[in-house]
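Welcome! Please take a moment to look over the sequence and the model, and then read on for a short tour of what lies inside.

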Amino acid sequence: MRALLPLRSSIVVVIVVVLVPFITNPRGVNSSSDAPLTSIPLDLYHTSDALLKEIKSLVLRHPDTLSMETVKMGNRGYAAEVLVVTYDRKTKHDNEKSKFRILMSFGQHGRELITSEVALQLLSVLAEEHNILSMGPVSITKELDNIVIKVVPMENLNGRKLVEAGDLCERRNGRGVDLNRNWGVDWGKKEKDYDPYEENPGTAPFSEPEAQIMRQLAKSFEPHIWVNVHSGMEALFMPYDHKNTTPDGHMSNLMEFLLWDVNRLHFEEKCLVGSGGGLVGYLAHGTTTDYMYDVVKVPMAFTFEIYGDSEASSKDCFKMFNPVDKLEFNKAVNKWSEAFLTLFRLGPSRLATTYGLRKWDSMGGKVIDGSLESNKENKIDGLDLGMKDLRNYFRLFLLSSVLLMFMFCSRISKSKYRQTN
């Protein structure tokens, strides 16, 4: 019996060694927790300082078409600054308000580095320092002459700094607030799967300086098109994020048709197209795009998701949200820059026949235009664009009726004249 003890001990040790990994990790030893985490490939990606420096140098080289300003704001001991680059082919007889206006934001979430790289590439293309495939600015010169584009290449600089310091999963700003949950439409509502780390909406709508800067920019610029550029998947989203439907009316149809054209021309119809809340897999409350559409009244408001690795570990955040090899990196920055040029070409023409109707319905959720001191609740009211179309048709009907009546009376008069003669 004593001779069997060492053998029994060996069997127990083997069983423990084999089973412990499965007890602590039921999916097996090859799970995502054991996979090495991807660091930032410095041969592909700029640091935040280097990227902003390169953009500023680009602007200085092209004062005829590019200009820039840095907007700073802060509260409660927290400060933020946002670089805004304006593309405008200026002439003697035009001004910003006379042109079609497009506002774009990149890098709202710190971990999505690829978005800011696309911003740099796009500005280089607009400045004609870089061409992509056969589609350069020369091919849409006429359209570019008639538009003004404001680009925010890195909205969340403080959050980006945290990512560069090693927190590769950080999406929030420098004090832990998700800037894409800090806006006033349906602000603060939490779903059952609410993750406070990922979706902290802040202490009040617009509590964060970055959101205040962007709201101020949007209201002063009054864009016709808004694009919020993110990564995590490939999708072309329109309102709404806080519910799983798109808006009603003619403008909603125009948005959807435009997105499908971009999808067909550049992505072989592989991108998801439609409501963010209906397609992304969860509802998001207090988002920028919903506010832009419902409150700022931007005719076309979009969220573009430009890259995602669905096979990456959920803990390997950099790889999940950003391409890590040169081929995929170049593919992303080139094809999305090209897609944006198509947006610049098609968007104004699609709105040209419609934009006489400046106000339209916003069938959104609760609108809260708050600050640190106040939390005032309002609802956006309006008439559906279809009702406005109906009124136009009614006016045409009345006009037609008057003309028919005039013609009828004229014929009666002529008939009576003939009878008397």
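This is a predicted model: local features need pLDDT of at least 70, side-chain atom pairs count only at pLDDT 80 or more; totals for chains, interfaces and linings use all residues.

Buried means under 20% relative accessible area, exposed means over 50%, and partly exposed covers what is in between (1.4 Å probe, protein chains only). Residues are numbered from 1 along each chain as its sequence is written, and side-chain values use heavy atoms, with hydrogens and water left out.

**The nonpolar core**

- A nonpolar core is a set of buried Ala, Val, Leu, Ile, Met, Phe, Trp, Tyr and Cys residues joined through side-chain atoms within 4.5 Å.
- The largest one here has 90 residues, and those touching the most other members are Met-104, Phe-302, Phe-304, Trp-336, Phe-340 and Phe-344.
- Helix α12 (residues 326–352) gives this core its largest share, 11 residues; helices (H or I, at least four residues) are DSSP runs, numbered from the N terminus.
- Leaving aside residues up to four places away in sequence, Phe-302 touches several others, including Trp-226, Met-255 and Leu-343; contact means heavy atoms within 4.5 Å.

**The disulfide**

- A disulfide is counted when a pair of cysteine sulfur atoms lies within 2.5 Å, and the count comes to one.
- The partners are Cys-169 and Cys-317, with sulfur atoms 2.0 Å apart.
- Cys-169 sits in the loop between α5 (157–164) and α6 (196–199) and Cys-317 in helix α11 (residues 317–321), so the link ties together parts 148 residues apart in sequence.
- Cys-317 counts as buried, at 4% relative accessibility.

**Aromatic rings**

- Rings of Phe, Tyr and Trp (its six-membered ring) pair if their centres lie within 6.5 Å; planes under 30 degrees apart count as stacked, over 60 as edge-to-face and the rest as tilted.
- The structure holds 12 aromatic pairs.
- One of them is the edge-to-face pair of Tyr-45 and Phe-329, 5.1 Å centre to centre with 80° between the planes.
- Tyr-45 lies in the loop between α1 (5–24) and α2 (48–61) and Phe-329 in helix α12, so this pair joins parts 284 residues apart in sequence.
- Phe-106, Phe-267, Phe-302, Phe-304, Trp-336 and Phe-340 form one aromatic cluster.

**Charges over rings**

- A charge sits over a ring if NZ of Lys or CZ of Arg is within 6 Å of the ring centre and within 35 degrees of the ring normal.
- The charged end of Arg-172 sits over the ring of Tyr-197, 4.0 Å from its centre.

How values were computed:
Helices (H or I, at least four residues) and strands (E, at least two) are DSSP runs, numbered from the N terminus.
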